[in-house]
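Q: Could you walk me through how to read a cavity and a disulfide in a protein model?

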Amino acid sequence: MLRTRGPRRTITALAIAAAAALAAPTNAVAQPAPVLPEGLNIEALASLAPAIIGAAAGPSDIAGGPQADLLAQAKALLESSNLPESTKATLAKVITFLDGSGGGGPELPPENGPVIAQFLYPTLGKGCISATADSVGTALAVPGPAHLPPPGPKAGQAGFVFTALGTKKPADVQPIPLTVSWVNIDNQKSATQNLTSESKINPDGPATLSAIADTGRGRVLAVISGSLTTQAEGAAPITCSFLPTVGMVVVP
């Protein structure tokens, strides 16, 4: 098991949020419909999400601290495990993003436009479309200043957008909300926020939720997970859970 120490309250909150859960967007955030990569072990990646976010929330200015301990264990795990190569490659990106050895995240945005950072892998919501049809969830992060998601993240902020492909519009009441848990590795700010439909992206479906976070400048690691409730006209609501997915973005 991967372990970490550090600010227990922060790490516990982020870990619980990440573990609680196991179409096309609007033209402005249009992207190809994702396909689950062959051999990608989403369950394995999702199970490591709380430990990854916990390492990022630990103090990074202490030599040999919790982040270094976890990254060393994670590297050993990748080298010795039987995980599919595509899964190992995804985790390797997280490691290099955290330790700064090889980037791993998006480059700083150019002066004339924002970077749209796709999350590292699409996620899956069992029974989100119907009792026999699952939904593929795709997530992205946008560093500010930018116009999307509405009303647009400002400088020092990041916007997060999640779309559940094939689903109807989100219900007015979300009994168990979909959340984004984020931590800025460089300034140690962190929070867990509900994703909502207040920005009214794809109001008729597929269900698209968003949030804007006051991350400050730096490297931001985020986990989106939780439940989603949708409702078609005249039909009963459908509630399903999405496995955690991990994203990384640099806020300039």
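A: Gladly. Ala, Val, Leu, Ile, Met, Phe, Trp, Tyr, Cys and Pro count as nonpolar, Asp, Glu, Lys and Arg as charged, and the others, Gly among them, as polar. This is a predicted model, where local features need pLDDT of at least 70, side-chain atom pairs count only at pLDDT 80 or more, and totals for chains, interfaces and linings use all residues. Residues are numbered from 1 along each chain as its sequence is written, and side-chain values use heavy atoms, without hydrogens and water.

Q: Which classes make up the lining of the second largest cavity?
A: Rolling a probe the size of a water molecule over the atoms shows where empty space is left. Here a cavity is a set of points on a 1 Å grid over the protein atoms alone where a 1.4 Å probe fits but cannot get out, and lining residues have an atom within 4 Å of a point. The lining has seven nonpolar, one polar and no charged residues; among them are L45, T90 and Y121.

Q: Which helix gives the most to that lining?
A: Helices are DSSP runs of H or I, at least four residues, and strands are E runs of at least two, numbered from the N terminus. α4 gives the most, with three residues.

Q: Which cysteines form a disulfide?
A: A disulfide is a covalent bond between the sulfur atoms of two cysteines. The rule used is a pair of cysteine sulfur atoms within 2.5 Å. C128 and C240 form one, with their sulfur atoms 1.7 Å apart. C128 lies in strand β2 and C240 in strand β9, so the pair ties together parts 112 residues apart in sequence.

Definitions and conventions: 1 Å grid on protein atoms, 1.4 Å probe; cavity = no way out; pocket = protein on both sides within 12 Å on 5 of 7 lines; lining within 4 Å.
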